[in-house]
Amino acid sequence: MSTHTLLDSASRRALRYLQEIGDRSVVPDPKAVEALCALVEPLPATPTDPDTVLELLDARCSPATLAMAGRRFFGFVIGGSLPVTLAANWLAGAWDQNTALYRVTPATALLEQVALSWLVDLFGLPEKSGGAFVTGATVANLAALSAARHAVYTQAGWDIEGDGLVGAPPVTVVIGAEAHPSVFKSLGILGLGRNRVVRIPVDGQGRLRADRLPQMSGPTIVCAQAGNVNTGAFDPFEEICARAHEAGAWVHVDGAFGLWAAATPGREHLVRGMADADSWATDAHKWLNVPYDSGLAFVRDERALRAAMAITAEYLPTETDERNPADYTPELSRRARGVEVWAALRHLGRAGVADLVERTCAHARTFAEGLAAAGYEILNDVVLNQVLVSFGDAATTEAVIADLQRDGTCWCGSTRWQERTAMRISVSSWVTTDEDVRVSLEAMLRCAARHRTTA
Ligand SMILES: *Cc1c(COP(=O)(O)O)cnc(C)c1O
């Protein structure tokens, strides 16, 4: 089996897969999932032909996948992959560049640099901000918060990277009660504690209440949010940054998907003051529709991020005037994930990103209007791409969601929002059309009607 035939076969299989998921149920056939057990076998003693391996993958796994790449997947605020990003991903896979150091992998290191400066511009962040390409917003939060930790400890006269946390002065972490769990996880990994935080109450949309911020003094990090994972709401950054900076505190913004609202002219009101913060985290694999795994951290003072992340070693050619990607990331060896981000931005341009964001937000509004018109309660202000709908009591809503997932026309998950059970609709995919929204809405109403309780 030649490399040529093998890669050709992979691309044909991938194309067929993408065509087929448009027509099949979004959830895989339960029989296909059951058949996965054939993969649980002892390690083969002898080699297998590569095409047989590929055939096994395709035959066993393709039918057992959830159609996340498809047009009617509305779970988890994640998009699909723009064709140009999938193609760039294949090419970059062939390059196999370990993108840690500029002198070793100049092409892919430069693509990161270019994409980073485009994004800083697109989001309206401070011009000299540094950044890191990481696996996702969880690690972007971790990287940005390690820069924050460095900065507040340096201010307190403590070398946190050198001397560690044992015996260090305490740091106060102020955080909205509705922050994403990954921020708490990052704080835990950094030794700042998941629970050792000052939790600020939120309003009915999950926005941190700036009027409840405490008096801040000493080393302090404030964690704000752009885009609540349930409601899509944005914290009041202007007030938060003003109060925090008055006290010399660092402000970090988790904007896993919400940061992209800054890329469209219609939504300035949501992101007002966001660029006043000190660091930001976002995902490219959510709203920019690039393949996993692709997250980004931005830090206003890039020296803080470098101080937390850079390493040197005798065997590594780290000397350069250019940007060494590994100086900014938790990883040393890493894939060239900037390639897909660059390809998406080069393809879409400013107008294309804005259109992608606005189009998906419009789809979300259509869902909300259709469900409300049928008498179902929308629990959030639909300010972005997120819709929370209740079909009645918790059991009824859960039953409708289960029905909808079985129905297979589209896929939405359940959530709890301020003591209520809701179905969560996230529209984030480039490939979703008006017609997809229409048939998905029909499916939702069909499933909901079966459980409608007449009073
Ligand atoms: C998705 C999300 C995260 C986590 O991002 P990953 O890419 O899954 O690591 C963090 N914060 C918010 C607000 C999110 O929506």
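These legends accompany several close-up views of one predicted model. Local features need pLDDT of at least 70 and side-chain atom pairs count only at pLDDT 80 or more, whereas totals for chains, interfaces and linings use all residues. Residues are numbered from 1 along each chain as its sequence is written, and side-chain values use heavy atoms, with hydrogens and water left out.

**View 1. The largest nonpolar core has 53 residues.** A nonpolar core here is a set of buried Ala, Val, Leu, Ile, Met, Phe, Trp, Tyr and Cys residues joined through side-chain atoms within 4.5 Å. Buried means under 20% relative accessible area, exposed over 50%, and partly exposed in between (1.4 Å probe, protein chains only). Look for Leu119, Trp260, Met274, Leu288 and Phe298, which have the most contacts inside this core. Among the elements that each supply at least two of its residues are helix H5 (106-122), strand S4 (220-225) and helix H12 (338-373); H12 gives the most, with eight residues. Helices (H or I, at least four residues) and strands (E, at least two) are DSSP runs, numbered from the N terminus.

**View 2. Here is Leu288 with its neighbours.** Leaving aside residues up to four places away in sequence, Leu288 touches Leu82, Trp260, Val341, Ala344, Leu345, Leu348, Val353 and Leu356. Contact means heavy atoms within 4.5 Å. Elsewhere, a second, separate core of 35 residues includes Leu145, Ala148, Tyr153 and Ala297.

**View 3. Arg350 and Asp121 form a salt bridge.** The term means a side-chain nitrogen of Lys or Arg within 4 Å of a carboxyl oxygen of Asp or Glu, and the structure holds 25 of these salt bridges. In this one, the closest N and O atoms are 2.7 Å apart. Arg350 lies in helix H12 and Asp121 in helix H5, so the pair ties together parts that are 229 residues apart in sequence. Asp121 is partly exposed, at 44% relative accessible area.

**View 4. Glu340 pairs with Arg335 in a salt bridge.** Their closest N and O atoms are 2.8 Å apart. Glu340 is buried, with a relative accessible area of 0%, while Arg335 is partly exposed at 28%.

**View 5. Arg450 and Asp403 meet through their side chains in a salt bridge.** The N to O distance is 2.9 Å. Because Arg450 belongs to helix H14 (residues 434-450) and Asp403 to helix H13 (residues 394-407), the pair ties together parts 47 residues apart in sequence. Arg450 is exposed at 53% relative accessibility; Asp403 is buried at 11%.
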